[in-house]
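Please read it with the structure open beside the text.

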Amino acid sequence: MIRDEQRQQQLLAEVRDWVRTVAIPNEDRVARTAEVPGALVDDMRRRGFFGWSIPTAYGGRGLTTEELIQAALELSQCSVAFRARVGTNTGIGSEALVADGTEEQKRAYLPKLASGEWTGCFALTEKEAGSDATALQTSAVRDGDSYVLNGAKCFITNAPIADLFTVLVRTDPDDLSYRGISAFLVERGTPGLSAGEPYQMMGQAGSPVSEVYFENCRVPAANLIGGVEGQGFRTAMKVLNKQRLHLAALCTGPAIRMLDEAITHATQRRQFGERLADFQLVQAMIADSETEIQAARALILETARKRDCGEDVTKEASICKYFASEMCGRVADRAVQVFGGSGYVANYSCIERLYRDVRLFRLYEGTSQMHQINIAKQVLRSAEASKVG
């Protein structure tokens, strides 16, 4: 659903130009310092990148799903750190509020997230509750007009720099199902809340990820998202359905970039008196990569349009994330192969860094294996239902 084609094309042109003239020239700097420079963060704020998916009533741009996907495809063609810096605000860090927050909660927090004044994050995963989200053990106990939170989260993107944490906890210790889970908004600086040091990771330098700890952390009852206990898991699923679609686009952008880099190298590098691009086996890798990128892009945009039309895209979002993340890994591997030794050495190309960066895509927002299981369950359930009907 594109509301204003001209305005959308202006946005995409701006993002495309910013990626090529600002972000890509600063990629090595980000990798070296392990942070996105403050001046570039301020630039993204001024351009409104943080508020893409937040409704206009709260200071955002109010992009539809399709519009957000198109913008994400452009922004993700540079270092993952740049899109991750804004990504929680345009995705999981704000989506719970947008989907199920009370009007008071939205007015209190969404304008700060939309402007980039505050950075949000989504604290769901625990060491014993990753793919099985219902196994989480972080607790919240009602005490007067507050809840007291205790527990720990791990692998939380932007936790070291976040100002607002959307936290999934168990409010009913006697109900170990999804019905015992609630969602809270916790501000940085709340006594009892702390974030660990950023992990040393395989890739994605400049995107801080860490653990989050709650030790008798007292949160106002007014910060219970939606004002109702037991709705947290449903809220999380709403967040993850859209985010998986968003993430699928964020997997496809890097694949586009890596293929472009491989094509440039193949047309310039000569072996045996010929360009690499003239060898048929190299052409086969280029053809396979282009085909898979186009397939992913078409699938993601089609699903985005379905979501904008109000359709349930739970299965389709899972398919998009699964296919796009696996596709990106295959494109990365082929890009290294096209570059040869230069693709393995950071001194000679960006492919070495991108190869490490994109490996995480197949793990977060649900591993590929979990998506396979979920997709199969939904397909089989539909098949059984059609037989009964």
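1. Glu27 counts as buried, because its relative accessibility is 3%, where buried means under 20% relative accessible area, exposed over 50% and partly exposed in between, with a 1.4 Å probe and protein chains only. The model is predicted, so local features need pLDDT of at least 70 and side-chain atom pairs count only at pLDDT 80 or more, whereas totals for chains, interfaces and linings use all residues. Residues are numbered from 1 along each chain as its sequence is written, and side-chain values use heavy atoms, with hydrogens and water left out.

2. What does Glu27 pair with, and how many Å separate the closest N and O atoms? Its partner is Arg257, in a salt bridge whose closest N and O atoms are 2.8 Å apart; the term stands for a side-chain nitrogen of Lys or Arg within 4 Å of a carboxyl oxygen of Asp or Glu. Glu27 lies in helix α2 (residues 27-33) and Arg257 in helix α8, so this pair ties together parts that are 230 residues apart in sequence. Helices here are DSSP runs (H or I, at least four residues), as are strands (E, at least two), numbered from the N terminus. Arg257 is buried as well, with a relative accessible area of 7%.

3. Glu27 also forms a salt bridge with Arg353, with 2.9 Å between the closest N and O atoms. Two further pairs can be set beside these, and the one between Glu211 and Lys127 has its closest N and O atoms 3.6 Å apart. That pair links distant parts of the chain, since Glu211 is in strand β7 (residues 209-220) and Lys127 in the loop between β1 (120-123) and β2 (139-143), 84 residues apart. Glu211 is buried, with a relative accessible area of 16%, whereas Lys127 is exposed at 64%. Returning to Glu27, salt bridges that share partners join Glu27, Arg257, Glu261, Arg353 and Asp357 into one network.

4. In the whole structure, the search finds 23 salt bridges. One of the pairs is formed by the side chains of Arg47 and Glu14 (3.2 Å, N to O). Arg47 lies in the loop between α3 (38-46) and α4 and Glu14 in helix α1, so the pair ties together parts that are 33 residues apart in sequence. Arg47 is partly exposed, with a relative accessible area of 28%, and Glu14 is likewise partly exposed, at 27%.

5. The protein chain is divided into domain 1 (5-115), domain 2 (120-230) and domain 3 (234-384), with bounds that come from an automatic or database domain assignment. Thr65, Ile69 and Leu73 supply 23% of the area that domain 1 buries against domain 3, more than any other three residues. Across this interface the rule finds 5 salt bridges, and the centres of the two domains, taken over C-alpha atoms, are separated by 21 Å.

6. Helix α4 (residues 65-75) is mostly covered, with 11 of its 11 residues buried. These buried residues pack against α1 (5-23), α5 (80-87), α8 and α9 (280-308). Helix α8 is also mostly covered, 27 of its 37 residues being buried. The 37 residues of α8 (residues 232-268) should span 54 Å at 1.5 Å a residue, and the end C-alpha atoms are 53 Å apart, which agrees; the expected span is 1.5 Å times one less than the number of residues.

7. Over residues 6-117 the chain is 67% helix and 0% strand, while over residues 230-380 the chain is 75% helix and 3% strand.

Notes. Contact means heavy atoms within 4.5 Å. Buried area is the accessible area (1.4 Å probe) that two parts lose on being put together, summed over both.
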